[in-house]
Amino acid sequence: MKAHLDQYGEEVMMSWVADEINREIETNEEQVQQKATRVTLSIVLSVLTITLLAVATALWLT
């Protein structure tokens, strides 16, 4: 890193590092959003499964 700092200067290196950090944050935000969507879908499907089992059990017992 010292060689790059000597070659490009502190301002350029700080800008590059900031850009890299920002890019990774954006990537992480996208991944977190995808995971949140999958968790929500999983919860909805679990509730639907429980509801269908309850209805099937109620119909079977009558």
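Student: How many salt bridges does the structure hold?
Tutor: The structure holds one salt bridge. This is a predicted model, where local features need pLDDT of at least 70 and side-chain atom pairs count only at pLDDT 80 or more, while totals for chains, interfaces and linings use all residues. Residues are numbered from 1 along each chain as its sequence is written, and side-chain values use heavy atoms, with hydrogens and water left out.

Student: What makes arginine 23 and glutamate 20 a salt bridge?
Tutor: Look at the cut-off. A salt bridge is a side-chain nitrogen of Lys or Arg within 4 Å of a carboxyl oxygen of Asp or Glu. Here the N to O distance is 2.1 Å. The distance is within 4 Å, so the pair counts as a salt bridge.

Student: Where do arginine 23 and glutamate 20 lie?
Tutor: Both are in helix H2 (residues 10–61). They sit three residues apart, about one turn of the helix. A helix is a DSSP run (H or I, at least four residues), a strand is another (E, at least two), and both are numbered from the N terminus.

Student: Why is arginine 23 called partly exposed?
Tutor: Buried means under 20% relative accessible area, exposed means over 50%, and partly exposed is in between (1.4 Å probe, protein chains only). Arginine 23 has 45% relative accessibility, so it counts as partly exposed. Glutamate 20, with 24%, is also partly exposed.

Student: Which residues make the nonpolar surface patch?
Tutor: Leu41, Leu45, Leu48 and Leu52 make the patch, which covers about 390 Å². Patch residues have over 30% relative accessible area and no salt bridge; like charges are joined within 9 Å, and nonpolar side chains (Val, Leu, Ile, Met, Phe, Trp, Tyr) within 5 Å. Take leucine 48, found in helix H2. Its relative accessibility is 45%, so leucine 48 counts as partly exposed.

Student: How many helices and strands are in the protein?
Tutor: There are two helices and zero strands.

Student: How do you know that the protein is more spread out than a compact globule?
Tutor: Its radius of gyration is 26 Å, well over the 11 Å that the globule rule gives for 62 residues, so the protein is more spread out than a compact globule. The radius is taken over C-alpha atoms, and the rule is 2.2 Å times the number of residues to the power 0.38. The C-alpha trace spans about 80 × 15 × 5 Å along its principal axes.

Student: How far apart in space are tyrosine 8 and valine 55?
Tutor: They are 69 Å apart, C-alpha to C-alpha, and 47 residues apart in sequence. Tyrosine 8 is in helix H1 (residues 2–8).

Student: What makes tyrosine 8 partly exposed?
Tutor: Its relative accessible area is 45%, so tyrosine 8 is partly exposed.

Terms used
Accessible areas come from the Shrake-Rupley method with a 1.4 Å probe; for residues, only the protein chains shown count as cover.
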